[in-house]
Amino acid sequence: HSVWYSHSPDQPYGTGIIDARTRIDVWQNHQGKQKVDVATPRGGIMKLIALDLHQDNIITATLDCSEVDSSITTAKYCLQNKEFDDFVDSTKSDDVIIVESTTNAFWLYRRLKPHVRECYILNTNAVHLRGNKTDSIDAKKLLQILCTFVYTKTESELPKVYVPSEGIMKLRSLFASYGLFVKMSTQCKNRIHSVYRQNGIV
């Protein structure tokens, strides 16, 4: 089933989750930092990281689970610069990452998965994000979703996208390209026949 997540200026993160079995309480302090009041998650997780992925950069929202009173921190990394490589190298084997399903999500998954405990691609068709949309807010909403399933020990129920093997991905790309070329060829032939008919050529 779908789960709705919302946020408004007068509504703390977490209380907008319309799902009775999963809820975390996250609030804003007077300094504008996001803080989480929850118990330590399972499995010795060090950090929960949410990535708002764009064509040339990512916005991260990170919660350090090793700290009792941890604040959510955000950062921006350009995918084409060394700073992205530094971000990948900074991840640990106990970290858990979530990224929204986009065109280049599989590429990012393959870059990050060898470095972390788990990397999820969120199925956005099953989870609906409401409210204001900015890069940092989107990243925090993704982090909220990840926190919900990790802290309630229901990670297996997180609505994620299946990640096929690299070989399957190459076959999918090949078939998609072939289908596109066939479609373009048909359109060109139909256009040529149309021009013939317009000029009385049968």
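Me: At roughly what angle do the axes of helix α1 and helix α2 cross?

Reply: This is a predicted model, in which local features need pLDDT of at least 70, side-chain atom pairs count only at pLDDT 80 or more, and totals for chains, interfaces and linings use all residues. Residues are numbered from 1 along each chain as its sequence is written, and side-chain values use heavy atoms, with hydrogens and water left out. Helices are DSSP runs of H or I with at least four residues, strands are runs of E with at least two, and both are numbered from the N terminus. The axes, lines fitted to C-alpha atoms over the stretch in contact, with angles from 0 to 180 degrees between N-to-C directions, come within 10 Å for α1 (residues 82-90) and α2 (residues 105-112) and cross at roughly 55 degrees.

Me: Which word describes how α1 and α2 lie to each other?

Reply: Angles under 35 degrees count as roughly parallel, over 145 as roughly antiparallel, 65 to 115 as roughly perpendicular and the rest as oblique. The two helices, α1 and α2, are therefore oblique.

Me: Does Leu-174 count as buried or exposed?

Reply: Leu-174 lies in helix α4, residues 166-198. Buried means under 20% relative accessible area, exposed over 50% and partly exposed in between, with a 1.4 Å probe and protein chains only. Because its relative accessibility is 53%, Leu-174 counts as exposed.

Me: How many helices and strands does the chain have?

Reply: Along the sequence, the pattern reads β-β-β-β-β-β-α-β-α-β-β-α-α. The secondary structure comes to four helices and nine strands.
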